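Thanks for coming, everyone. I have one model to walk through today. Please look at it with me.

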Amino acid sequence: MQITFRCKSVFVPSPHRRRGLQKTQLIYPQHSDHRPSPIARPLPQRFTVKLISYGRVERKRTVVIVGGGIAGALLAKSIDHIAHAVLIDPKEYFEIPWANLRSRVEPSFAERSVIGHREYLKNGRLIISTAVGVTDQGVVTAEGRVVGFDYLVIATGHPYNSIRGRRDRLEKFQEGIQKQNSQGEVRLCSDNQKIKCSDSIMIVGGGATGVELAGEIAMDFPEKKVTLVHNGPRLLQFIGQKAGSRALEWLKSKNVQVLLEQSIDVASASESDREFRTSAGETVTADCYFLCVGKPVGSGWLRESALKEYLDRKGRLMVDENFRVGGLHNIFAIGDITDVPELKQGMVARRHALVVAKSLKLLLKGEGDCRLCRYRPSLQAQAWVSLGRKDAVVQYSFLTVSGFVPGMFRSRDLFVGKMRKSLGLEY
């Protein structure tokens, strides 16, 4: 098969700063007269590149980041000063996900854990919208806007909550926020108020989120009857059995009732229900409940896009050791949306962002692909799970530690100060 190519002139940074930029003639398939696609396909092994010395030209490359979670926010901050960073996110803030459990029982804690994007993104552009697709022209938003890019990084790990503004999100945690629905009924819209006004509380899900929320409520409201329902044989199934056993012992010591190997169909329940029947036929009485189960991967917007062929059966993007999607030279994916075989946690997403930030800095300087940073996933399960305000259980490799010692590092501040510092904010 014979393919005809044509030359296209673009500007790339020279590896030698004193020589400024060079004019490079790259080869593109001559399939149309339109501008080349921002999705850079792998070049053939044999091609001609002609370098011509040219005057110094200052132009920042555009890096579009879709998703303002842990990975997306940290990456945007890391490249804000060296590239034209464009962050696309449906909300105007970044929320430290593991801290919202503390915010439910201590609303003032959310003031530090819910961070406006503009607080750390000083030079870049913020587009508050939902991305609905990727085409040959760029990223398409819900309003039909097409955002072009030199490099694209996808960081939409899980679907976001529907609260757009930071102040509205903070009100969700505040005490005494009550609103009237269309039927004239007064509903409690604050998670904290729901907890305070309830004598009994049910938590569905025995993963890290469910265990930590049960611990927060048991410590701050010891008079409440807390029931945790989990469909698995033990708590914290994503890590070792010893960690799950220690978490179970701690919860029972705080009078939390734990029901294992049972499930509840909360989808068919209404807000007025006070009794719930488990799959084992046991009845749980609760004035309110919290659903703490896994969320689907946030890749639905890619299923009809130009990147749909790179989604695996679980809806995750297939990436290489450099986090590039499907071998494309200028499209990366980081965080929970990737198919990297490891635990999907905040600390892992943070590592993804730092690796891609280093690679982008090299690419923006004109370095070749051979110098990109390689990522090695951790084969050992590692996790920190808070147990109230003072205790925690930690698994690192084959070592499990629990009690107040790991709690000194994790439970007091939940690493919020560390995350704020990485974004260049006050500790």
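Start with Y375. Y375 is buried, at a relative accessible area of 8%. Buried here means under 20% relative accessible area, exposed means over 50%, and partly exposed is in between, with a 1.4 Å probe and protein chains only.

Before going on, the ground rules. This is a predicted model, where local features need pLDDT of at least 70, side-chain atom pairs count only at pLDDT 80 or more, and totals for chains, interfaces and linings use all residues. Residues are numbered from 1 along each chain as its sequence is written, and side-chain values use heavy atoms, with hydrogens and water left out.

Now the aromatic pairs. How many does the structure hold? Three. Rings of Phe, Tyr and Trp (its six-membered ring) pair if their centres lie within 6.5 Å; planes under 30 degrees apart are stacked, over 60 edge-to-face, and the rest tilted.

One of the pairs is F276 with Y289, and it is edge-to-face, with 5.5 Å between centres and 80 degrees between planes. F276 sits in strand β18 (residues 275-277) and Y289 in strand β20 (residues 288-291), so this pair ties together parts 13 residues apart in sequence. Helices (H or I, at least four residues) and strands (E, at least two) are DSSP runs, numbered from the N terminus. Buried or partly exposed? F276 is buried, at 4% relative accessible area. Y289 is partly exposed, at 23%.

Back to Y375. Its partner is F323, and the pair is tilted: 4.9 Å centre to centre, 45 degrees between the planes. F323 lies in the loop between β20 and β21, and Y375 in the loop between α9 and β22 (382-387), so the pair ties together parts 52 residues apart in sequence. F323 is buried too, with a relative accessible area of 1%.

Next, the sheet. It is open, has five strands, and runs β8-β5-β4-β12-β21 with parallel pairing. Two strands pair if DSSP finds at least two bridges between them. The edges are β8 (125-128) and β21 (331-333), each pairing on one side only. Neighbouring strands are turned by 15 degrees against each other on average, direction ignored. Axes are lines fitted to C-alpha atoms, for helices over the stretch in contact, and angles run from 0 to 180 degrees between N-to-C directions.

Look at β4 (residues 62-66) and β12 (residues 151-154). Four bridges join these parallel strands. V66 stands opposite I154 in β12.

Which helices lie across this sheet? Helix α1 (residues 70-79) lies across β4, β5 (84-89) and β12, at about 165 degrees to β4. Nine of the ten residues of α1 are buried, so the rest of the structure largely encloses this helix. Among them are I70, L74, L75 and I79.

Helix α9 (residues 346-364) lies across β4, β12 and β21, at about 175 degrees to β12. Its 19 residues, at 1.5 Å each, should span 27 Å, and the end C-alpha atoms are 27 Å apart, which agrees. The expected span is 1.5 Å times one less than the number of residues. After α9 comes G366, with a positive phi near 95 degrees.

Last, the totals. The protein has eleven helices and 24 strands. Of its 427 residues, 48% are buried. Among contacts (heavy atoms within 4.5 Å) with a separation of 6 or more, 60% join residues 24 or more positions apart.
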